[in-house]
Amino acid sequence: MARILALLLVLTGFATQALASPIPPMNGFVNDPDELLTSWERAELTRQVNTLNERSGTQTAVLVVPGTGSDTIEQFAYQVFNHWRLGNAQRNDGVLLLVAWQDRHVRIEVGSGLEGMLTDALASRIINEYIIPPFKSGELATGITKGVEGISTVLASQPLPKAEPPTFWQEISAYFSLCKSLLALALVIIYLTITGRLRLLAVLFVVACPLTLILLFFSDQSPWLMPYVWFSGSIPVAILIMVLGVLFIYPQRLSAAGRQKYRESRQSNHLSSAATVWTSTDSTHYSSSDSTSHSSSDSSSSGGDGGSSDGGGSSGNW
């Protein structure tokens, strides 16, 4: 019996280790092993964290994972912090910002040497006021960026200001769906191309090109603009692809003569339909008149025997 219990304990231990998420290796101060961030977002975060570490003399690191497996966010953060050995051995001045994106959990793990400066209360404020609001809008990179900014402010011995509420455009961007917008854009461009609205397509092309460059320039300070950059940049590309496709399949459709011929064909079909309806109506009218005339003629030639009505009968409504 004792051997069976020991075997069960060993198997349970192996199962627990299998369910626990492995600790990823530390490759720099921004680690995203599952590539939940774009390469551009990782580069910007790396620059920001490196600047923080050089200025403060501490060691702050960021880890983004889908989940922590069977471990709680606290357990996993503790294991990662000790495995990576963040901070100086004597000062113990390391900080770990851990995000479990799909689990919807985030934690700031602080070394004992910084607990007097980056207290639990301040870490909680950074999470609740700086990190979580962008996360609720699906802005992973923005939430991490603001969290690092809050940590940097505290480590610089500056008072932590109250986080600014999101602007109107940031709230709008939370409801912006790039995939749905690109699908709608494709349908609009297909319609404009098929109907020959070349002037409107040209206007969209000319406006979208400089607009993309302007949005890209300001996206350095406002990362939430990036979806709009992709959408605006897709407009001239989609127009070119659609126009080239129509030229290849049906080149006459985009020429002036082809469009005129298309309009004349539609007008001809419309007139033909109208003529058919007129002919049918006239024929019916003629037949009806002829029938009425014939009936009248018949009734005048053969009358009854002189009977009369006294007002009897029945009427109905429908």
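Thr60 is found in strand β2, where strands are DSSP runs of E of at least two residues and helices are runs of H or I of at least four residues, both numbered from the N terminus. The model is a predicted one, in which local features need pLDDT of at least 70 and side-chain atom pairs count only at pLDDT 80 or more, while totals for chains, interfaces and linings use all residues. Residues are numbered from 1 along each chain as its sequence is written, and side-chain values use heavy atoms, with hydrogens and water left out.

## Thr60 and the overall layout

With a relative accessible area of 1%, Thr60 is buried; buried means under 20% relative accessible area, exposed means over 50%, and partly exposed lies in between, for a 1.4 Å probe and protein chains only. Leaving aside residues up to four places away in sequence, Thr60 touches Phe29, Val49, Leu52, Asn53, Val95, Ile151 and Leu155, a contact being heavy atoms within 4.5 Å.

The protein has ten helices and four strands, and from the N terminus on its elements run α-β-α-β-α-β-β-α-α-α-α-α-α-α. Of its 318 residues, 30% count as buried. Among contacts between residues at least 6 apart in sequence, 63% join residues at least 24 apart. The accessible surface comes to about 21,000 Å², and 60% of this belongs to carbon and sulfur atoms; the areas come from the Shrake-Rupley method with a 1.4 Å probe, and for residues only the protein chains shown count as cover.

Helix α2 (residues 39–56) has 18 residues and reaches 26 Å from its first C-alpha to its last, close to the 26 Å expected at 1.5 Å a residue; the expected span is 1.5 Å times one less than the number of residues. Within α2, Leu45, Gln48, Val49, Leu52 and Asn53 are buried. Seen down the axis of α2, the buried residues fall within an arc of 135 degrees, so they line one face of the helix, the arc being that of the directions from the helix axis to the C-beta atoms. An α-helix has 3.6 residues a turn, so residues three or four places apart point the same way. Ser39, Arg47 and Glu54 are exposed on the other side of α2. The cover over the buried residues of α2 includes β1 (30–31), β2 (59–65) and α5 (140–155).

For helix α3 (residues 73–84), the twelve residues should span 16 Å at 1.5 Å a residue, and the end C-alpha atoms are 16 Å apart, which agrees. Its buried residues are Ile73, Phe76, Ala77, Val80, Phe81 and Trp84. These residues cover an arc of only 130 degrees around the axis, which puts them on the same side of α3. On the other side of α3, Tyr78 and His83 are exposed, and the cover over the buried residues includes β1, β2, β3 (94–100) and β4 (105–110).

## Residues with positive phi

| Residue | Phi | Position |
|---|---|---|
| Glu35 | about 55 degrees | loop between β1 and α2 |
| Gly57 | about 75 degrees | just after α2 |
| Arg85 | near 55 degrees | following α3 |
| Ser157 | about 60 degrees | loop between α5 and α6 (168–174) |

Glu35 is not a glycine and is exposed, with a relative accessible area of 58%. Ser157 is not a glycine either, and at 57% relative accessibility Ser157 counts as exposed.

Leu192 has its place in helix α7 (residues 178–194) and is buried, with a relative accessible area of 6%. Not counting residues up to four places away in sequence, Leu192 touches Arg197, Leu200, Leu201 and Leu204. Leu192 and Ile239 are 47 residues apart in sequence and 9.6 Å apart in space, C-alpha to C-alpha.

Two packed helices are described by the angle between their axes and the distance between the axes. Helix α8 (residues 198–218) and helix α9 (residues 226–249) pack at an angle of about 150 degrees, with their axes 8 Å apart; axes are lines fitted to C-alpha atoms, for helices over the stretch in contact, and angles run from 0 to 180 degrees between N-to-C directions. The residues of α8 that meet α9 include Leu201, Leu204, Phe205 and Ala208, and on the α9 side the partners include Tyr228, Val229, Ile235 and Ile239.
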